[in-house]
Amino acid sequence: FLLFILFLKGQFIKWLISESDVRAIPIDNHFKIDSLIEYKKVLDFYTPCKEVTEYAYARAGLIGNPSDGYFGKTIALSISQYSARVTIRQGSKIVLVPHLQFDRETFESLDELTDHTDLAGYYGGLRLMRATCKRFCELCRAANIPRPPPFTITYSTNIPFACGMSGSSAIITASFKALLRYSGLKLSDLGLNRETFAGYTLINNFFQIFFNFFF
């Protein structure tokens, strides 16, 4: 059967050459598509990126110090039931969309304001996305990489607050992953790897946020 197919293919090419002007060019690179995952990668490569969504999961430390800001070492596990989600959509301006619940600025009463602050803190995730975008831009500048086109960035999360499950880190990580994918970049393009990402990008984000708040 295979020989028959090859014969037909050969006859088709022979006919094609005789009936039309056929030209060929060498191709240096190619995609090997042998699975659905590889097929999606090819689509992502050739399709203009209009919207991307990335996730980062909650983390529970078992042993050690899970502090990102001080290069803490720990044995931890991720919890897939809880995650932060960040979506970037291409637009005409840079727009950071506040979360309706976590970035509220309007309340029915002082009691509601106080109860909400006790639950969600003084700031939501908007400051984390903004700090991440700023740091991403600085890394692009340092690497002489053109910045991506304007976009709207939104987030959501179901990670409980103030429970030691790295809710803030998850928003930062999801934001950075989304920025990378939206820009068509890899960590290595910015001079980072998985090991330096946690200790370098996150510490700069947290220091930026904390120093701006306290000083």
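Helices and strands here are DSSP runs, at least four residues long for a helix and at least two for a strand, numbered from the N terminus. With that in hand, the protein chain of this predicted model reads α-α-β-β-β-α-α-β-α-α along the sequence. That comes to six helices and four strands.

Now for the aromatic rings. A pair of aromatic rings is described by the distance of the centres and the angle of the planes. Rings count as a pair if their centres lie within 6.5 Å, and planes over 60 degrees apart make the pair edge-to-face. By this rule you get two aromatic pairs:

| Pair | Centre to centre | Angle between planes | Type |
|---|---|---|---|
| Phe136 and Phe176 | 5.6 Å | 80° | edge-to-face |
| Phe151 and Tyr182 | 5.5 Å | 70° | edge-to-face |

Where do Phe136 and Phe176 sit? Phe136 is in helix H4 (residues 126-142) and Phe176 in helix H5 (residues 167-183), so this pair links distant parts of the chain, 40 residues apart. Both of these Phe residues are buried.

The other pair also involves helix H5: Tyr182 lies there, while Phe151 belongs to strand S4 (residues 151-157), so the pair ties together parts that are 31 residues apart in sequence. Are Phe151 and Tyr182 buried or exposed? Phe151 is buried, and Tyr182 is too.

Zooming out, the protein chain has 215 residues, and 29% of them count as buried. Take the contacts between residues at least 6 apart in sequence: 73% of these join residues at least 24 apart. As for the surface, the protein chain exposes about 15200 Å², with carbon and sulfur atoms supplying 60% of that.

How values were computed. Residues are numbered from 1 along each chain as its sequence is written. This is a predicted model: local features need pLDDT of at least 70, side-chain atom pairs count only at pLDDT 80 or more; totals for chains, interfaces and linings use all residues. Side-chain values use heavy atoms; hydrogens and water are left out. Rings of Phe, Tyr and Trp (its six-membered ring) pair if their centres lie within 6.5 Å; planes under 30 degrees apart count as stacked, over 60 as edge-to-face and the rest as tilted. Buried means under 20% relative accessible area, exposed over 50%, partly exposed in between (1.4 Å probe, protein chains only). Contact means heavy atoms within 4.5 Å. Accessible areas come from the Shrake-Rupley method with a 1.4 Å probe; for residues, only the protein chains shown count as cover.
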